[in-house]
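Subject: Handing over the structure

Hi,

Please have a look at it first and then read on.

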Number of protein chains: 4
Amino acid sequence: MRVHLAGLSLVLPFSTLAQTPSASFKSEVVQYHATIDTVKYVYGVTPPVARLRPGNILESNSLDCFGNAIKKPGDTLSLSKGDNPLTGPFFIEGAEPGDTLVVHILDLQVDGNQGVGAFAPGFGALNETNYTPMLHPPLPERIWFYFLGCIGVAPSSGEARSSVVPAEFGGNMDAPEVSVGNTLYLPVNVSGGLLYFGDGHAAMGDGEIAGTAIEVPMKARLQLDLVKGKHTNWPRFENENEIMAAGIYRPVDDAVRIAFTELVGWIHADYGLSELDAYELLSKVGKIHLTEMVDPNYVVVASIEKKYLPAKK
Amino acid sequence: MRVHLAGLSLVLPFSTLAQTPSASFKSEVVQYHATIDTVKYVYGVTPPVARLRPGNILESNSLDCFGNAIKKPGDTLSLSKGDNPLTGPFFIEGAEPGDTLVVHILDLQVDGNQGVGAFAPGFGALNETNYTPMLHPPLPERIWFYFLGCIGVAPSSGEARSSVVPAEFGGNMDAPEVSVGNTLYLPVNVSGGLLYFGDGHAAMGDGEIAGTAIEVPMKARLQLDLVKGKHTNWPRFENENEIMAAGIYRPVDDAVRIAFTELVGWIHADYGLSELDAYELLSKVGKIHLTEMVDPNYVVVASIEKKYLPAKK
Amino acid sequence: MRVHLAGLSLVLPFSTLAQTPSASFKSEVVQYHATIDTVKYVYGVTPPVARLRPGNILESNSLDCFGNAIKKPGDTLSLSKGDNPLTGPFFIEGAEPGDTLVVHILDLQVDGNQGVGAFAPGFGALNETNYTPMLHPPLPERIWFYFLGCIGVAPSSGEARSSVVPAEFGGNMDAPEVSVGNTLYLPVNVSGGLLYFGDGHAAMGDGEIAGTAIEVPMKARLQLDLVKGKHTNWPRFENENEIMAAGIYRPVDDAVRIAFTELVGWIHADYGLSELDAYELLSKVGKIHLTEMVDPNYVVVASIEKKYLPAKK
Amino acid sequence: MRVHLAGLSLVLPFSTLAQTPSASFKSEVVQYHATIDTVKYVYGVTPPVARLRPGNILESNSLDCFGNAIKKPGDTLSLSKGDNPLTGPFFIEGAEPGDTLVVHILDLQVDGNQGVGAFAPGFGALNETNYTPMLHPPLPERIWFYFLGCIGVAPSSGEARSSVVPAEFGGNMDAPEVSVGNTLYLPVNVSGGLLYFGDGHAAMGDGEIAGTAIEVPMKARLQLDLVKGKHTNWPRFENENEIMAAGIYRPVDDAVRIAFTELVGWIHADYGLSELDAYELLSKVGKIHLTEMVDPNYVVVASIEKKYLPAKK
């Protein structure tokens, strides 16, 4: 019966997140190469594949959402060993429950020369269609943008969650916000945080309504940092121009409510507006991005441009 | 018990909408001035205030959503005689049930020198707050953009609907898509169509989450046209670069489903892609805009840029 | 933009509803016979077919939801002139906006010798099926129970609503709670209240998931009364053993929230429990009845047995 | 990106479930006593506390949802070591993924002399209230009925799920259907099945809207059995008079759709009605029970009495 609804509380003691790499960054580079034999399919507590210190840069790769199994027209989804194979986990020294893990996304490159799109029975926002795999010609290069569909940490409460489910710990958010130049904040729920990522995307429509984007293997360069003693309820994003808060659940209405409640709390804590003023301001200039409506939980990112905010406290 | 769910059907025999004013346009200008004594609060069948022929240009005005009653700090919402006063209705000669009404939005200007924002008990996507009217300083002029929050026609089935409820007939969509350069398509449900509009907005955040935008009286210049014998299920928008379909209901999930189902049908009918191909394409490059999540029904506009589509049939 | 959400407010000044016919009842009987030529398809303001005083008894009839047009296997829904033909409206002398109309359901009898069930494209909670009319053999007589699927008054705000849509004014609630022995409370929104009813049902499953019940024409005997000066937000029911509050919207979650908020307010106002105590008590012994999930809005009735409540204030 | 939506498919190859203990039952009794030191808080793969063979009877106990920590008025929820402590897991010999685990609920008795009800910040279907623990006097004994709020198995896909979350594997369903005389069917996702239970309830309202029932420690007597080679998508219940299928997710609308889709499939597979006939029949005589709307996922049980069904195939 009892339920913790930590993520839905209106009071959000969140503030002073590292906006740029901290002065203490020791920019050592850690390299790790993932293969189909080392990927995971669950976010949870399992021995790490590498350890990093705050400030370190991780250079690694991810397989595409089918484990790079679809090579040519005619290959079917049955070749895939599992959905959304994850690279990791990576242990961050000093990360303890209640901290926030900071992920600066420095570079993402497609690690191959094709992109795969598919749909299949029971996938998608509109369909109850038959199993219909297909291979698309690449879309015009100018619209390609690369991002990691999956990025997250070990969940709280001892849970282990499938690589297809996004939730408070991040996961399969399918958010283009996970792209170069943005910083992602995730809660630390277990010692070391245990970061996982995968499911590279090149080009995706809002909502990813048929269930796939242009799916690609990826090379990733990420810099990791910690905010000690600050908890993050739900994943957050930040760049030079915007702050962005994710809300993740069903129906979309509740995801929107979560995302804006987080954003109101963030503006209140870090920029000093009252919660009602923040709410009213967002009603005038806030943005909503429905990233996907096809995974078991749906993902909304609410954002505001920093130019509308007062100076940070 | 019985329910018509026409708007949710997957087969959409919609095509060849007028994209630009038809050759037969007789660009007479009809002028009409609305006052607090002539506005309406319901979309329905009532004697028209003016009659126009297809191709005519309407020059008219709208009061703000409070009927221009809030003049200075200290004025309260109790001064308002009703929500969203509507200018109209306008009778379009030759419009019959089953036709589509075409509204080219030629110009919108603020008809005054202030904008009003407010929230009040029971308004908004997040709050259950107390009655808290307030007046905001105008936001920086560079971000202002003007649109009509309300535009719609008399509903089908003999219904008359309040000016606060959006639905198949349009209404309180709070959609920035109703702005200059765009064309709006609405169903004709009764002879003459009976067009209403009002609720001018300058600047609004996605979702309009606290319940108001920057509310302004407006001057509007609209050109009206007809597509005979083509029915439109739900409001649609079009401009040089995009086609856009609205979905209107709760929860947001269903509004998204309606909007994309309409857009799939439109692409299929007018651009010749199969429905599954259209669906897959939208999963890669479609866009979702949640315009408001505060009115009794929520509004989503799904869109695609024309550059991704083949030549029109 | 602006929205009244009167029905969602937590403070509900509702009390001392007439539980049994008031002492002032003048039990005159008014008889009215409806035919396919006099039925209506919209709840709204239109000349009444008869006038009654509080305490009067109405003896009338309703056609089935197809207007009695389906007579034998092979007849199709195209024979129906409209959905849910409504008997009425009936004007109740002295009813003014802000009052509550009281409807004692004294007797309901099937007015014919068959029941019709059907489903058709786009109907139902699960299907997207093809047009598939059918006639069912009557179900075993022991499970038949009779109720009016449609009963309601003219809506507020000058709206006129279709006979297929339930909302604050009642309407197509498909609620077996509208059966003999129960009393229904409805808001009075216009002078005379203007009561309509129709859509008799014999036997229906919870949710009416395929879109029809066993549809029958009905003879109805109703006694009407007024509670002056007390407003009812949403329809309520009462009998010797229970109090019951309806919530009507989508998704079902919100209908549940409305129904329980109303019931908490009712218990607080009439039985003196604090709102939190009422809430907690309902968590232990309350009941939820999802009457239909197929009309444009869904209907939930929340209830509690009076034996769990203290004496009425 | 990719999602398996096995539970939403319309074709359900489910049939010939054991309705009563199979002939091969070896009614050995296995006894196990749970304490606060041996309970678990996650459904997952962990060493079993006992092993049983099909047909064996389990006699065991569960702590209440607060771990029996609330002893007297004044005790606060902070005394609880965790929510919904679970007894188990129990390994069933021969259970393999793809099988169905059968749980006959033979006896449930309160294991103590008090019941606890509470609500707290963020709990419940209506509230955003402050932390307000309370102890209720027991309700009249005649309305008490006992059931296990939590019962489930290790999830699929390597997941481990918190004891507060219900899903395909069962879990915190808060379903009075888990009471004496009923049989519960659960999917086997890992070798041995790994059954957990806890969270005894005496008396609960539909929806459990304030977040707690009358919470009690429980003594349980369960008989376990297996259906080899038959997979169960979602939990199902059965007794002499009814078959019942659970649907678990948000919003309630989707839980209803899941539950009825399962029930349609069950009737089709075991009783030989076509899916459309089953759908239509449920529209006339089906029942919906919303057991809880407060846990992260909501639970609906759809049911039909066997007297309306033809003989089993």
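First, some housekeeping. The model is predicted, so local features need pLDDT of at least 70 and side-chain atom pairs count only at pLDDT 80 or more, while totals for chains, interfaces and linings use all residues. Residues are numbered from 1 along each chain as its sequence is written, chains are lettered from A and ligands numbered from 1 in the order in which they are written, and side-chain values use heavy atoms, leaving out hydrogens and water.

Chain A as a whole

Chain A has two helices and 16 strands (DSSP runs numbered from the N terminus: helices are H or I with at least four residues, strands are E with at least two). Of its 313 residues, 67% are buried (under 20% relative accessible area, with exposed over 50% and partly exposed in between, using a 1.4 Å probe and protein chains only). Among contacts in chain A with a separation of 6 or more, 80% are between residues 24 or more positions apart; contact means heavy atoms within 4.5 Å.

Strands in chains C and D

In chain C, five strands make an open sheet of mixed pairing, in the order β3-β5-β11-β7-β9 (two strands pair if DSSP finds at least two bridges between them). Its edge strands, β3 (50-52) and β9 (170-171), each pair on one side only. Strand β7 (residues 146-153) of chain C runs antiparallel to β11(C), with seven bridges joining them, and Ile151(C) stands opposite Phe197(C) there.

Gly200(C) also belongs to β11 (residues 195-202) of chain C. Is Gly200(C) buried or exposed? It counts as buried, at 0% relative accessibility. Beyond its neighbours within four places in sequence, Gly200(C) is in contact with residues including Ser62(C), Phe147(C) and Met218(C).

Over in chain D, eight of the eleven residues of strand β6 (residues 100-110) are buried. β6(D) pairs antiparallel with β12 (residues 218-227) over ten bridges, where Gln109(D) stands opposite Lys219(D). Five bridges join β6(D) to β10 (residues 183-187), again antiparallel, and here Val102(D) has Tyr185(D) as its bridge partner.

Aromatic rings

How many aromatic pairs does the structure hold over all chains? There are 20, where rings of Phe, Tyr and Trp (its six-membered ring) pair if their centres lie within 6.5 Å, and planes under 30 degrees apart count as stacked, over 60 as edge-to-face and the rest as tilted. One of them is the edge-to-face pair of Tyr185(B) and Trp266(B), at 6.3 Å centre to centre and 85° between the planes. Tyr185(B) is in strand β10 (residues 183-187) and Trp266(B) in helix α1 (residues 252-271) of chain B, so this pair ties together parts that are 81 residues apart in sequence. Both Tyr185(B) and Trp266(B) are buried.

In chain A, Tyr32(A), Phe90(A) and Phe197(A) form one aromatic cluster. Finally, Arg51(B) lies over the face of Phe91(B), 4.0 Å from the ring centre, and the charged end of Arg51(C) sits over the ring of Phe91(C), also at 4.0 Å (NZ of Lys or CZ of Arg within 6 Å of the ring centre and within 35 degrees of the ring normal).

Enjoy exploring!
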